[in-house]
Amino acid sequence: MLRGISFDIAHMLAGFLVLASFLMLYQDRLYALLNVLALHAFILALSVAWQAHIQHAPHLFITAIIALGFKAMLIPWALRKIVFRLGIHREIEAVGGIGLTMLAGIALVALSLEVMLPVTAHTDPVAREDIALALSVVLIGLLTMVTRRNAVSQIVGFMSLENGIILAATGARGMPLVVEISVAFSVLVAFIVVGIFLFRIRERFDSVDVGAIDLHRGGRQ
Amino acid sequence: MIEIALSCIGLFCLLAVAGAGLGRASAGRFIVYGGCLLIGAILFGTGLLAIAEPAQRIALPLGVPWVGVHLRLDALSSFFLLLLGLGSAGASLFAIGYCAHDEEPQRVLPFYPLFLAGMTLVLLADDAFSFLFAWELMSLSSWALVMAQHRESGNAQAAFVYLLMAVFSGLTMLLAFGVLAGPTGGYAFDAMRAAHPSAGLTALIFALALAGAGSKAGLVPLHVWLPLAHPAAPSHVSALMSGVMTKIAVYGFIRVVFDLLGGAPWWAATIVLAVGGITAIMGVLHALMERDLKRLLAYSTVENIGIVFVGLGLALAFKANNFPAGAALALTAALFHALNHTLFKSLLFFGAGAVLHATGTRDIEKLGGLLQRMPLTSAAVLVGCFAISALPPMNGFASEWLTFQAILLRPELPQWGLKLSIPADGALLALAAALAAACFVRAFGIGFLGRPRTAAAGNAHEADRWSVAAMAGFAGLCLLTGLFPGVTIDLLAPVAHALVGAAMPWQTGDAWLTTIPVAASRSSYNALLLFVFVLGSGGIAAALVKRFGSSGLRRSPAWDCGFPDPSPMTQYTGASMGQPIKRVYGALAFHARDVVDMPAPGDTRAATHTVTRTDYIWDGVYVPLGQAVTWVSTYLNVLQFLTIRRYLGFVFILLILLLMALALWQ
Amino acid sequence: MAVIVSLLVQFAQMLLVLALAPLLTGVVRKVKARFQRRIGASVFQPYRDLRRLMGKDVVLADNASWLFRVAPYTIFACTWVAAALVPTFATGLMFSWSGDLIVIAGLLGTARFVQALAALDIGTSFGGIGASREVMIASLAEPAMILIVLSVALIAGSTQLSVVADHMLNGQVGLRVSLALALVALTIVALAENARIPVDNPATHLELTMVHEAMVLEYSGRHLAMIELGVALKLLLYISMIACIFAPIGLAGANAGIGAFLIGGAAYVAKLAVGAVALGTFETSIAKMRVFRLPNFVGAALMLSLLGVLLLFVSRGM
C-alpha cells in the first residue's frame, strides 16, 4: 500500500508537470506565462524532492533545491524584469488556434507514451511512466518554442523542456550530481546569453519577435 | 418467410409496371403508393417474424447459367428487411398526400416501386451476381428518381454526380466480390464464407468493401453525392434514400466484412473507427453551416452514418481481439442507431417536404413562425429534432448511450492503434452529438420558431392528413423506441449472435424495463422511468404554481430590452446563429473566412460582409479528379479518328497481351 | 416496507435538493458581496425572489407559442430529475439506477435544448444571440463532460454515480493523474454550464456579452421563477456531482440507518458550503472573459479531459 501511494504521488507530480506544460501552451500573456514557468519549476522541485525521498538519494535534494531556487524563483524573476524593461509586459501574443496547439500537445503525449512504454517494458514501473511523461514535457516544450514568435516565450519553452529532462533523469535513478549541477549551470549560462541577446535584437529591430530577425538574414532572395 | 419476401419483390415490379401504365391518372398515386405501403408493412412483418428464425434459402433457375439466383433470409437481412419495410411504408404513406400536387407523377411512379424492389433484393441476395444486380437496380432507379425534377437548375448535375458515385460504388463492390470469389469463381456467398483469403487479399477485400459500401452510405470523403442528390429528389424519395438506402449500404458492408470475410484484422478496425469519427464530425459541421433544409438533413445523414460506422469499427476491434460480448454490444449499438436514424431522418425529410410544399422554399432564412401555422408538422419535426440530437428519452440517445458503453467496455486492448483511436473516437462522438444538438436548435429555431421572415412563410398551411399521419406515426415510433430500448436490443440479439457469436444480455425481463448493457453495477438506463419522472415533476410543478401562485396571463408586445424590432428581418438568421460555431471550428474544418468591408465615413459605398468557406474534399479531391479526366480524355480524343486497320491492330495487340498475361499467370 | 422506506429516502433526496438549491445561490451571492465589502442581501433572498415571481402574472409576447410556455416547466423538470440522480447524502437510492452519468449529462442537454429553442421562439435578437452563444459553449462543454465521465468510468468501472462514489470511498483509487485532469476539466465545465464568471456573468443584464440572461429575457412571472429555480438546481447539481466523485466522504450506503443518513446529510451541507465559498472566491478574483476567448477556456477543458481518457487507455495506472 505504501508503495502504491508513493508510486501514485510520483505519477501525480509528473502528471501535474504535463498539465503545467499545457497551461504554458494555453497562456498567451507574458506575465502569466512567467508565472506558469515558476509553477512548472516548482512542481519539478516537488517531484524531484519526492524522488529523493522514495529513492533515498539525498543528492537529489540538491537538485530539487537548485530547481526551486534557480528555476522557480530566480529565472522567472529575472525574466519579469527583462520583460518590464523591454516594455512588452502588456503584449498579448497572437497564438493561432490554441485548441489546435493543445490537440497537437495531446498527440505528442500519446506519441511519447507509445514510444516509451513498450521500450521500457522491463524496467521499474515507477520510472516507466515517469519517463514517458517526461518525454512529453520535453516535446511540449519544443512545441511551445515552435509555436511562439516572441523570444521571451521561446525561452520559457526552452526552460520547460529542460525541466522535462531533469524529470527524466531523476526518475531513471543514478544520474550523478555533477551532471545535474552542470546542466543547471549550463541553463543559467544559456539564460544569461539569451538575456543579452534579447536586448541586442531589441536594439536592432525594435521588436523581440523572432520573425523580425528572419527578415534580415542573408541569402534570402 | 422468404417466399413472402420474394413475392413482395414481384409485387413491387408489378406496381412499377402499373405506375408506368397509369402515368398521369390520379388513381395512380393511390394504387402505387398505397400498394407500396401495404407491401412495406408486409416486409416489416416478415422481417420481424423471421429475425429469430433459422436462415431460409431459395434458389431460382434464373440469371447466369451454373450460378442461378440464390436467395437467403437470415437474421441480418431480416433486421434490415424490417427497417426497409418500416421506412418504405412511412414514405409511401407520406407520398399519398404529398404527391397529390405532383406535376409529373409519371417520372416518379414507375421507379419508386422499382427502387424498393432493388433494395429488397439486395437484402435477400445470396450470391454475388444477384447482389450486384440488385445493387445496380437500386442505384439506377434512385438515379431516375433524383432526375424526376430535372428541369430545376442543378438537379441534372446532382444526378450526374450521384450516378458517378453509384458507378464507383458498384465497381468497387464488383471487385470486392471478384477477389472474394478467387480464381475458382465461387460466386455463391456460401463458397465465399468457406474460403479463407490470405492476409493481403483480406486487406484488399476490406478496402474495396469499405469504399464501395461507404460511397453508397456517405462516408467522408465519398459523401459528396448526398447533399446534392437529397435536395434534388422529391421529399419522400429523399426520405427513402437517406433513411433506408444508406442503411442498405451499411448492410452491404456488414455482409461482406462481418459475414463473408468473417471479421477483419485490428488495423482495419482502426481505419473504420477513424473514418467513422471523421465522417461524423465533418457531416455535422457542414450541416451547421447549411441554410437549405434538405441539404442540412443530408449532411446530418453523413454524420449519423459516421456514428454507425464507429459502432461497427468497435465491433470489428472487439471481434479481432476475441471479445464477443463487447463486439455484440458495439454491433447492437450500431444497428440500433441505424434503425433510429431511419425513423428520425425519414420523419425530418417528411417535415422538410411538408414545409417545402407549404412555403415553396427549403431555405431556412426565408421561413420562421411555422410552429403556429403548421402546428402538427412542427410538433412532429420537433420530436425528430429531439431524437436526432441524442437527447433523452428519445431513441437517438439510447443508441449513442450504448455506443459510449461499448467504448468504455475494454480499454485493455493490446494494439496501440486501438488504444489511441477508441478514446479519440469517444471524443469525436461526444463532439458530434453536441454539435448535432446545436445544428437542430438552429434548424428548428430559425425555420419553425420566431416570426415569419417572408410572406410565403406567413401564409404557410398545415400539411395534408396523409403526410401528417406519416409524420405523427414516425414521431411516435421515435418516442417508443426511445422509451423501450430493450425491445430493439432483444430484437437484435439473433443478429449479433450470427455475426459475432454472442449477444447482449436479455433486456425485457429486467425489473422496471431498465436497460442494462453489461451489468447493473456498470451502467443502467431507464428511459421510461425518467420520462415519467420528468413529465410528472413538470406537471406537478405547473399545477402547484398555478394553484398556489399566479395563473394569470397577459399578452403584450415582446420586451426585447425595450427596443422591440418591428421588422421580422431583424431576427437572428441561420447564418448569425451558426456564426459562433463557425468561428470556433470553421477555420479548421473548412477554412472559413469573414471579410468585412466597412467604407470610411463619407464614403457612400455599401458595407459588405463576405463569408468564404472551402470544401477541402470537393476542392482537393473531386475538382482535380475531374480536371484529370478532362485532360486525359482530351488526349485520348485522337483515338476517335483512326483508320479501321489501326483499330483492328489495337484489338489484336490487346488480345495478344491478354493471352500472354494468361500464359504468365499459369 | 423496505420499498416504502427507500421510496421515502428517494423523495427526501429530491425535496432536499429542491429546498437547498436557492440557499446555495444565496450563499454564493453573499460571499461575493462580502468580498466586495458590501453587506449583501440575506442568504434567503432567492427564496423571497422566487415567491415573489411565482405570485406574479405572466406577461407573454404576442407571438409566443406553446413551446415558450411549456419550456420553463420542462427545463425545471429535467434539471430536477437530473439532480435527483446525483447521490447527495446517500448512494444507491431507489431510482438512482434509472440513469447514469451520461444520462445526467443528457438530461441537462435536453434542458439546454429546450431553453435555446424557447429563446428563439419570440424572434427577438437578444434571444438569438443568447441561444447561438449557448450552443457554441455547449458544443465544447458537453463533449468535455462526456470525456470526464469516460475517465471517471474507466477508473471506477462504472458510469453509475453511486457505484463511482462507493469505489472512490473505498480508497483503492489513490491519486491519479487522470482524475486530477478530470477535476480541473469538470470545474471548467461546471463554470461554463452554470453561466458563471468567467464564462458568463449571472449578475448582468443589458450587456452584449451575456449568454444565459439573454435567453431568458422574455420570461416573466412564474415562468421566470421556474427558470431561476432550474438555474439554482443546476448549480447545486454540479457542486454535488463534484463532491460525490472527488470527495465522497460521509456518504451513507444504500441501506444505512437513519444515523448514517444524518451524518451524510451534514457532510453534504458542509460540502455545499465549501463549494459555495470556493465559487464565490473564484468569481470575485477573476474577470469575465470576452466571448470569443471562451472557446479557448472551455476547449482547454475538452483537451484536458481527452488527455485524461487517453492516459487511462494507455496505462491503467495513470
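Visitor: What share of the residues in chain A is buried?
Guide: Of the 221 residues in chain A, 43% are buried. Keep in mind that this is a predicted model.

Visitor: And how many helices and strands are there in chain A?
Guide: Chain A has eight helices and zero strands. Along the sequence that reads α-α-α-α-α-α-α-α.

Visitor: For contacts in chain A with a separation of 6 or more, what part comes from residues 24 or more positions apart?
Guide: That part is 71% in chain A.

Visitor: OK, over to chain C. What's its secondary structure?
Guide: Chain C comes to 11 helices and one strand. The pattern is α-α-β-α-α-α-α-α-α-α-α-α, read along the sequence.

Visitor: Why would I call the radius of gyration of chain C what a compact globule would have?
Guide: Because a compact globule with 318 residues would have a radius of gyration near 20 Å, and chain C has 19 Å, which agrees. Its C-alpha atoms fill a box of roughly 55 × 45 × 45 Å along the principal axes.

Visitor: How much of chain C counts as buried?
Guide: 65% of the 318 residues of chain C. As for contacts in chain C with a separation of 6 or more, 80% of them join residues 24 or more positions apart.

Visitor: Which parts of chain A touch chain C?
Guide: The contact involves 20 residues of chain A and 17 residues of chain C. On the side of chain A that touches chain C, helix 1 (2–26) and helix 4 (98–119) each supply at least two residues. Helix 1 of chain A has the largest share, with 10 residues.

Visitor: How do the residues on that side of chain A divide into nonpolar, polar and charged?
Guide: The side of chain A that touches chain C has 14 nonpolar residues, four polar and two charged.

Visitor: Now chain B and chain C. How many residues does that contact take?
Guide: It takes 71 residues from chain B and 75 residues from chain C. Elements of chain B that give two or more residues to its side include helix 16 (395–409), helix 17 (416–447), helix 21 (527–548) and strand 3 (553–556).

Visitor: Which of the chain B elements gives the most?
Guide: Helix 17 of chain B, with 14 residues on the side that touches chain C. That side of chain B divides into 42 nonpolar residues, 21 polar and eight charged.

Visitor: You listed strand 3. What does strand 3 of chain B pair with?
Guide: Strand 3 of chain B pairs with strand 1 (residues 58–61) of chain C, in the parallel sense and over four bridges. In that pairing, B:Ser556 has C:Ala61 as its bridge partner.

Visitor: Back to helix 17 of chain B. What does it give to the largest nonpolar core?
Guide: The largest nonpolar core has 442 residues. Helix 17 of chain B provides the largest share of this core, 22 residues.

Visitor: Which members of that core touch the most other members?
Guide: Among them are A:Leu17, B:Ala432, C:Leu24 and C:Val81.

Visitor: Take B:Ala432, then. Which residues does B:Ala432 touch?
Guide: Leaving out residues up to four places away in sequence, B:Ala432 touches B:Ala280, B:Ile281, B:Val284, B:Glu303, B:Gly306 and B:Ile307.

Visitor: New topic: how many buried residues are there in strand 4 of chain B?
Guide: Zero among its five residues, so strand 4 (residues 593–597) of chain B is hardly covered. It pairs with strand 5 (residues 608–612) of chain B in the antiparallel sense over five bridges. Within that pair, B:Arg593 stands opposite B:Thr612.

Visitor: Let's finish with chain B as a whole. How is chain B divided into domains?
Guide: Into domain 1 (322–542) and domain 2 (616–665). Their centres, taken over C-alpha atoms, are separated by 48 Å.

Visitor: And how many helices and strands does chain B have?
Guide: Chain B has 24 helices and five strands. Of its 666 residues, 57% count as buried.

Visitor: What box do the C-alpha atoms of chain B fill?
Guide: Roughly 90 × 70 × 60 Å, taken along the principal axes. The radius of gyration of chain B is 26 Å, which agrees with the value near 26 Å that a compact globule with 666 residues would have.

Conventions
Residues are numbered from 1 along each chain as its sequence is written. Chains are lettered from A and ligands numbered from 1 in the order in which they are written. This is a predicted model: local features need pLDDT of at least 70, side-chain atom pairs count only at pLDDT 80 or more; totals for chains, interfaces and linings use all residues. Two residues are in contact if their C-beta atoms, placed from the backbone, lie within 7 Å. Ala, Val, Leu, Ile, Met, Phe, Trp, Tyr, Cys and Pro count as nonpolar, Asp, Glu, Lys and Arg as charged, and the others, Gly among them, as polar. Two strands pair if DSSP finds at least two bridges between them. A nonpolar core is a set of buried Ala, Val, Leu, Ile, Met, Phe, Trp, Tyr and Cys residues joined through C-beta atoms within 7 Å. A residue is buried if 20 or more other C-beta atoms lie within 10 Å of its own, exposed if 12 or fewer, and partly exposed in between; C-beta atoms are placed from the backbone. The radius of gyration is taken over C-alpha atoms; the globule rule is 2.2 Å times the number of residues to the power 0.38. Domain bounds come from an automatic or database domain assignment.
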